Amino acid sequence: MPAYRLKQAMRSYYQELVDDWADITTWSEKLRADCANSAWSPLTVKTVLQTQDPPSVKFAFQTADGLTIETVVMRHADGRNTVCVSSQVGCAMGCAFCATGTMGIKRNLTAEEIVDQVVQAARWLKIQKMSIKSQVYQVAGQRPEGHDGPDRPEGRITNIVFMGMGEPFNNPDEVFESIRILTSPDMFGLGARHISISTCGIVTGIQRLAEEAPQVNLAISLHAPTQEMRQQIMPVAKAYPLDRLMRAVRKYLELTHRKVMFEYVLLEGVNDSQDDAEDLADLFNEYRHLAHVNLINYHQTGVFKPTSEANAKKFQNVLRRRGISVTRRISFGEEIRAACGQLATRETE
Ligand code: SF4
């Protein structure tokens, strides 16, 4: 096939978000028919679960070799849609507060499987938008006109976070390739600053991110302010101790001058005291202006208890008093087990 045919197919897949060869309108009928028996996407949708308040959608996808992965779309009140993608089937890191960590690792996802989660989520949003629009037209007594008019953010993916199943920097080649595809103007075409990678502390990946994709945002799953505490809940701290991790973060900041997000799940009686908040603030010292702490509610996975609201507020206040930018992350999708730390493909297998 001539190269321009591939470009046409890519445009249909990444930008027009069609879901079959038959919908590539720039191709002849014969060409479409010739491809009809080939797979259009590497993933197939198994289930789609939705919540309303706040709105979120969890997709369970099946891979060609019969494994299940999960992807979540968080629909923000300001119209942004953030898709949280998986980078592995399961995870080898065994963080004590995370359901994915209990699954073990089955395999890495390919770049195409990572990208297809985003494309399929985008396609789903586009279809929702078209059906809502069609209902509005019917109510208003006007003719439905399909997907037209200004491209409002409600119908498209505006942000991508690598915070689903798996540790992205344990699968770095495929993850960096997926970022190339997702940011390429000829393909999905999202700005790199709208993409974030979260790592539990794989130092080599942090270095590579600074060199290869400095516009992509870095988030560190920190969850403990001391090496001793971190080792108890995150086995990765044995291979990459806290002081080595913070040295790598400092180096990243020097190279990129980008803000780094630190994720911190509040676990009752484990890491939620005011002394823990003081220790956490000490970690950032001279570069506190480039650190942002995101406090996360613990979503029951059986092992720990979530901290109380009063404790969470006190913890946040200590950080504020120490001059650290801090937010509490709102929880999306807890009742469909789509929230942070809950992805484990239980109800879909
Ligand atoms: S928190 Fe992330 S790195 Fe840790 S077990 Fe869960 S998926 Fe793996």
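Tryptophan 40 is buried in this predicted model, with a relative accessible area of 14%. Buried here means under 20% relative accessible area, exposed means over 50%, and partly exposed lies in between, with a 1.4 Å probe and protein chains only. Tryptophan 21 is also buried, at a relative accessible area of 15%. Tryptophan 21 and tryptophan 40 form an edge-to-face aromatic pair, 4.9 Å centre to centre and with 80° between the planes. Aromatic pairs are rings of Phe, Tyr and Trp (its six-membered ring) whose centres lie within 6.5 Å; planes under 30 degrees apart count as stacked, over 60 as edge-to-face and the rest as tilted. The pair links distant parts of the chain: tryptophan 21 is in the loop between helix 1 (3-15) and helix 2 (29-35), and tryptophan 40, 19 residues apart from it, is in the loop between helix 2 and strand 1 (44-52). Helices (H or I, at least four residues) and strands (E, at least two) are DSSP runs numbered from the N terminus.

By this rule, the count of aromatic pairs comes to ten. One of them joins tryptophan 21 and tryptophan 27 and is stacked, at 5.9 Å centre to centre and 25° between the planes. Tyr13, Tyr14, Trp21, Trp27 and Trp40 form one aromatic cluster.

Residues are numbered from 1 along each chain as its sequence is written, and side-chain values use heavy atoms, with hydrogens and water left out. Since the model is predicted, local features need pLDDT of at least 70 and side-chain atom pairs count only at pLDDT 80 or more, while totals for chains, interfaces and linings use all residues.

The protein chain has ten helices and twelve strands. Of its 349 residues, 52% are buried. Contact means heavy atoms within 4.5 Å. Among contacts between residues at least 6 apart in sequence, 65% join residues at least 24 apart.

In soluble globular proteins, nonpolar side chains tend to be buried together. A nonpolar core is a set of buried Ala, Val, Leu, Ile, Met, Phe, Trp, Tyr and Cys residues joined through side-chain atoms within 4.5 Å. The largest such core in this model has 99 residues, of which Phe97, Ile160, Phe262, Phe284 and Val293 touch the most other members. Helix 3 (residues 111-139) gives the most to this core, with nine residues. Glutamine 120 is also placed in helix 3. At 9% relative accessibility, glutamine 120 counts as buried. Not counting residues up to four places away in sequence, glutamine 120 touches Ser41, Leu43, Val45 and Phe61.

In helix 5 (residues 203-212), the buried residues are Val203, Gly205, Ile206, Leu209 and Ala210. Seen down the axis of helix 5, these residues fall within an arc of 160°, so they line one face of the helix. The arc is that of the directions from the helix axis to the C-beta atoms. The partners against which the buried residues of helix 5 pack are helix 4 (172-183), strand 8 (195-199), strand 9 (217-221) and helix 8 (242-256).

Phenylalanine 169 is found in the loop between strand 7 (159-162) and helix 4. This phenylalanine counts as buried, at 4% relative accessibility. Its contacts, leaving aside neighbours within four places in sequence, include Gly205, Ile206 and Leu209, three of the buried residues of helix 5. Phe176, Ile197, Thr199, Ile202 and Leu218 are also in contact with phenylalanine 169. Phenylalanine 169 and arginine 208 are 39 residues apart in sequence and 9.2 Å apart in space, C-alpha to C-alpha.

Alanine 277 lies in helix 9 (residues 274-284). At 0% relative accessibility, alanine 277 is counted as buried. Leaving aside neighbours within four places in sequence, alanine 277 is in contact with Phe315, Val318 and Leu319. C-alpha to C-alpha, alanine 277 and lysine 314 are 8.9 Å apart in space, and they are 37 residues apart in sequence.
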